[in-house]
Amino acid sequence: MKTSRIPGFYNMDVEERRQLLQKMNVVSDEHADYLFSKEPLSLDTADHMVENVIGTFPLPLGLGLNFLINNKEYIVPMAIEEPSVVASASHIAKIVRTAGGFKTEATDRVMIGQIQVVGCEDMTAAKDALLSARDELIAAANEAYPSLVKRGGGAEDFDVRLLNASSDSPYTQMLIAHIYVNTCDAMGANIVNTMVESLAPSVESITKGKVYLRILSNLPDRCLARAKCVIPPSLLASEGFSGEEVRDGVVLAYEFADSDPYRAVTHNKGTMNGIDPVVIATGNDWRAVEAGAHAYAARHGHYGSMTKWSVDQDGNLVGELELPMSVGTVGGSINVHPMSKLSLELLDVESASELGQVMVAVGLAQNLGALKALVTEGIQKGHMALHSRSVAVAAGATGEMVDMISKQMIEAEDIRVGKAQQLLEVYKR
Ligand code: NDP
């Protein structure tokens with residue numbers, strides 16, 4: 001039986017970890033080849049992905065462990081350059097699995113395409129005309145992408161808003177039509193863009209106006225994923241801090257973030273620290289996910305916390321996260337980049353919806369990881385200890401020297417490149 005609980009993984013070397021994954025049968029031979037290859041993304045493939053290619057830019061790929069989500073085990077690939085994120089997510093996932101694991105759910109995967117119409121003689125009449133043509137516009141959108149309809153998706157709703165209705169300026173008054181499209185397992189940007197571009201001539205003819213923008217919205221608030229965890233305080237106790245103290249600190253930290261954008265942005269960065277690495281590892285568009293998540297955090301008119309932390313009637317800490325998740329398991333570069341194919345195999349998700357749910361669970365874990373450190377010993381102790389190895393490498397250490405110098409810097413409580421260089425000089429003598 002597959003498990004994401006792999007004690008001692010942290011202490012293995014890279015080779016041992018790779019071999020263990022193969023032994024566990026969670027990586028096929030084809031994908032193991034990529035893992036063991038010096039150049040998983042070939043220059044030739046890279047040159048076909050973007051323009052003006054001169055090389056590739058590898059990132060560390062770590063595994064978030066211990067994730068139990070809806071009673072299913074997940075080994076979570078995370079592509080990230082920042083130390084401590086993978087360790088922190090795995091640490092919290094271990095606590096949450098003891099408490100029964102994460103529970104997640106999702107709405108249908110409905111993306112939004114926008115069409116901007118200006119210059120109509122009578123904006124209200126044009127809006128009404130568009131609304132009257134709703135069904136034929138939905139049908140026309142689906143004709144532009146019949147394969148999606150065959151898969152059970154396609155355009156399913158349409159509405160129109162009049163922006164800046166009281167303005168006299170031809171530059172500010174405009175109609176914005178939304179077409180809502182179930183994009184199945186694709187993120188759907190190209191699908192939706194194809195649809196809205198195909199609708200533009202009909203929209204102009206119906207409104208007698210001019211269409212300018214025809215493009216996907218990165219705020220897909222009908223494509224949401226939700227994660228929840230309930231943790232008894234006994235599992236939160238930390239050196240010198242009772243579980244109740246940690247629980248209350250987390251709730252106070254949440255209230256701080258939800259009331260203050262200066263804190264919210266950092267709090268949310270911590271949540272995205274969990275989500276982005278999974279988005280990147282699976283070849284998804286992290287700019288789209290980032291943009292949607294931050295806009296969603298401002299949906300109530302002020303920018304607040306993405307996560308919510310509270311105490312239930314039994315005294316448990318309850319964490320919740322709901323975000324738009326415009327990610328896919330097909331399309332874009334997902335089936336082009338060998339490492340994203342490997343990541344999806346490791347995750348073993350059956351749909352884009354399931355992938356989005358894993359991502360919000362990791363985001364929730366990561367947020368709690370940061371808050372738990374912040375309300376106890378502070379973020380620096382653990383973070384700098386893990387960062388010390390990067391500092392040693394930055395100072396020029398290699399091989400065994402990295403761990404030796406990192407250990408000495410931690411003991412000296414002085415984790416800086418200058419200190420690492422001093423220690424390196426001593427070893428070189
Ligand atoms: P694609 O253009 O690759 O479309 C996905 C394709 O996957 C579909 O055409 C479909 O082809 C095929 N497919 C196979 N199986 C399925 C399935 N189960 N469900 C759905 N489709 C399936 O990618 P997207 O439309 O997803 O667009 C994503 C890309 O667009 C990303 O690279 C993103 O960076 C980029 N982008 C983002 C923008 C933004 O965020 N604002 C704007 C523009 C582009 P078929 O049905 O024919 O087999």
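Predicted model: local features only at pLDDT ≥ 70, side-chain atom pairs only at ≥ 80, totals over all residues.
The residues around it are Ala106, Thr107, Arg109, Cys223, Leu224, Ala225, Met325, Ala352, Ser353, Gly356 and Gln357. Two elements give two or more residues each to that lining, namely strand E8, covering 224-231, and helix H13, covering 352-374. H13 makes the largest contribution here, with four residues. If you sort the lining by class, you get six nonpolar residues, four polar and one charged.

How much volume does this largest cavity have? About 50 Å³. And when the whole structure is searched for cavities of 30 Å³ or more, one turns up. For anyone new to this kind of search, rolling a probe the size of a water molecule over the atoms shows where empty space is left.

Now, on to the ligand. It has 20 residues around it, and the closest are Tyr145, Ser147, Arg151, Gly188 and Asp285.

How much of the ligand does the protein bury? On its own the ligand exposes 930 Å², and 70% of that is buried by the protein. Among the elements, helix H8, at 189-207, and strand E7, at 210-222, are the ones giving two or more residues to the shell around the ligand. The largest share of that shell is from H8, which supplies four residues. By class, the shell has nine nonpolar residues, eight polar and three charged. Two domains take part as well: domain 1, which is 9-106 + 224-377, and domain 2, which is 110-222, each provide at least three residues of the shell.

My last stop is the second largest pocket. Its space comes to about 810 Å³. There are 32 residues in the lining, and if you want to find the centre, go to Ser84, Ser88, Gly369, Ala373 and Ile379, which lie nearest to it. The elements giving two or more residues to this lining are helix H4 (85-98), helix H10 (261-281), H13 and helix H14 (379-394).

Which element gives the largest share of this pocket's lining? That is H13, with eight residues. As for domains, at least three lining residues come from each of domain 1 (9-106 + 224-377) and domain 3 (381-428).

That's my tour, folks. Over to you for questions!

Technical notes. Residues numbered from 1 in each chain as written. Heavy atoms only, no water. 1 Å grid on protein atoms, 1.4 Å probe; cavity = no way out; pocket = protein on both sides within 12 Å on 5 of 7 lines; lining within 4 Å. Points joined across faces, edges and corners; volume = space filled by probe spheres on them. Nonpolar A, V, L, I, M, F, W, Y, C, P; charged D, E, K, R; others polar. Near = heavy atom within 4 Å. Areas by Shrake-Rupley, 256 points an atom, 1.4 Å probe, with all protein chains shown as cover. Domains from an automatic or database assignment.
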